[in-house]
Amino acid sequence: MAIDSSNPTSDSTPTNAELATRASEVLVGNYAPQPIALVRGEGCWLYDAEDRRYLDFMGGIATAVLGHANPKLREALESQAAKLWHVSNLYTTEPQIELAERLTSSSFAEAIYFCNSGAEANEAALKLARKHHRDHDDDRFEIIAFEGAFHGRTLFTVSATGTPAYWKGFEPLVPGIHHAPWCDEEAVRSLLSEKTAAIIIEPMQGEGGLRTPEPGFLRRLRELADENGCLLIFDEVQVGMGRTGTLFAHEQEDVIPDVMTLAKALGGGIPIGAMCTTRELSRALMPGTHASTFGGNPLACAVASVVLDELLEGGVLGHAKSMGERLGDGLEAIAADAGPDQIRGVRGRGLLRGLALHDSPSAVIEGCRGRGLLVISAGDNVLRLAPPLTISADEIDQGLALLREVLIESN
Ligand SMILES: *Cc1c(COP(=O)(O)O)cnc(C)c1O
């Protein structure tokens with residue numbers, strides 16, 4: 001192991017480089033992490049192994065909605081930790097009921113299935129679609145998804161993912177999945193048949209590059225699904241929980257799905273996913289058909305209930321909406337000053353925004369990191385920003401100023 005002996009702290013506190021070396025020796029190399037190791041966080045700030053601080057404009061990939069080490073979430077976690085951690089779903093636990101009550105009272109959903117990640121939530125949604133039709137003596141099994149979509153890494157969800165790079169080498173994929181070009185209504189029409197079980201779509205694409213559907217498109221999908229007799233699934237794993245300015249992104253289009261999936265921000269950083277549906281559709285998953293050992297774990301549910309309370313009653317949702325507008329305006333100004341040769345456009349909604357660049361954003365990401373700002377990328381050369389929803393106006397402005405330095409002033 002390469003230890004820099006000139007580093008006075010190397011005996012007690014490992015450096016970023018030491019931690020990177022150790023990680024590469026024992027972890028599967030499926031990630032290509034940034035060259036810093038993060039050790040603690042507070043609010044919108046993160047600190048690395050060498051105690052350098054960073055303004056967090058990525059929120060653990062749109063997950064740390066209430067910032068880091070949020071006192072209310074800590075209190076919820078610690079008080080539940082003193083009571084009960086895990087008993088499985090062979091028994092009823094109240095934190096799970098309380099979270100489901102909050103989700104059903106704040107959405108179209110009447111029944112919730114809990115799991116631990118976005119992929120599992122989508123896996124449950126896709127399996128529910130097949131099983132629902134099977135229970136009605138209907139052989140529908142095909143799924144219509146969209147190019148550029150990201151639905152997860154299990155075999156079913158990666159098969160529904162619309163970017164070949166995610167599934168190359170893992171074939172054969174789950175059969176019967178078709179991809180329509182983004183927002184191509186005619187393509188959806190031609191793919192629909194008496195075999196279609198469901199259409200799955202993100203109300204705004206996250207990984208795919210923060211692409212928003214044209215106004216009215218989600219409503220057209222609702223009509224097409226109803227005419228055809230298939231289900232409509234909204235994958236809100238990334239855009240749900242206040243990220244785009246409303247609690248759920250589909251509220252902005254005034255259209256209701258049959259199934260909605262949540263994960264990322266749901267637990268504010270604690271792993272939890274949810275498949276939300278109607279009572280009638282939920283009947284497809286009768287005892288024995290689908291399950292998760294950890295799903296609805298009391299620790300995760302106790303924390304997630306506080307996340308929802310903070311969004312809906314603690315004023316975070318309204319705050320996030322106005323901070324989202326501030327961020328959007330700031331990005332528009334940067335794009336105007338940089339010009340179309342450098343920035344192709346501003347993408348996204350609320351506090352999930354991005355700048356479409358001409359090539360890979362990796363140099364910009366590195367430049368930002370060097371100045372103490374953490375940002376990430378998304379599909380087709382988009383620089384993606386997803387700060388905690390609790391971010392202050394001053395922190396938004398600091399982040400925008402650093403971004404401006406990297407994109408314009410240092411060029
Ligand atoms: C991240 C993401 C997933 C997968 O979630 P995991 O928790 O990584 O399994 C699914 N769908 C969307 C839209 C996502 O952004």
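**Loops, helix packing and the ligand shell**

Pro172 sits in the loop that runs between α6 (155-160) and β6 (177-180). In this predicted model, the peptide bond leading from Glu171 into Pro172 is cis, and its omega is near 5 degrees. Most peptide bonds are trans, and most residues other than glycine have a negative phi. Two further loop residues deserve a look against that background. Asp51 is not a glycine, yet its phi is positive, at about 65 degrees. This residue, Asp51, belongs to the loop between β2 (45-48) and β3 (53-56). Ala69, also not a glycine, has a positive phi of about 50 degrees, and it is found in the loop between α2 (59-62) and α3 (71-81).

We turn next to the packing of the helices. Helix α4 (residues 94-105) meets helix α10 (residues 298-312) with axes that come within 8 Å and cross at roughly 30 degrees. Angles under 35 degrees count as roughly parallel, and α4 and α10 are therefore roughly parallel to each other. The crossing in which α4 passes α10 is left-handed.

Helix α13 (residues 393-409) packs with helix α11 (residues 316-338) at an angle of about 20 degrees, and their axes are 10 Å apart. This angle makes α11 roughly parallel to α13. The crossing of α11 and α13 is right-handed. Helix α13 also meets helix α12 (residues 362-370): the two axes come within 9 Å and cross at roughly 130 degrees. At that angle, α12 and α13 are oblique to each other. The crossing of α12 and α13 is right-handed.

The residues around the ligand include Ser117, Gly118, Ala119 and Asn122. Among the structural elements, helix α5 (residues 118-135) gives the most to the shell, contributing three residues.

On the backbone side, an N or O atom of Ala119 lies 2.8 Å from an oxygen atom of the ligand. Phe150 also takes part through its backbone, with a polar atom 3.2 Å from a nitrogen atom of the ligand. Lys264, by contrast, uses its side chain: an N or O atom there is 2.6 Å from an oxygen atom of the ligand. On its own, the ligand has 380 Å² of accessible area, and the protein covers 82% of that area.

Technical notes
Residues are numbered from 1 along each chain as its sequence is written. This is a predicted model: local features need pLDDT of at least 70, side-chain atom pairs count only at pLDDT 80 or more; totals for chains, interfaces and linings use all residues. Side-chain values use heavy atoms; hydrogens and water are left out. A residue is near a molecule or strand if one of its heavy atoms lies within 4 Å of it. A polar contact is a pair of N or O atoms within 3.5 Å; within protein, one must be able to donate a hydrogen and the other to accept it, and residues adjacent in sequence count only if both atoms are side-chain atoms. Accessible areas come from the Shrake-Rupley method with a 1.4 Å probe; for residues, only the protein chains shown count as cover. Helices (H or I, at least four residues) and strands (E, at least two) are DSSP runs, numbered from the N terminus. Axes are lines fitted to C-alpha atoms, for helices over the stretch in contact, and angles run from 0 to 180 degrees between N-to-C directions. Angles under 35 degrees count as roughly parallel, over 145 as roughly antiparallel, 65 to 115 as roughly perpendicular and the rest as oblique. A crossing is left-handed if the near helix is turned anticlockwise from the far one by less than a right angle, and right-handed if clockwise.
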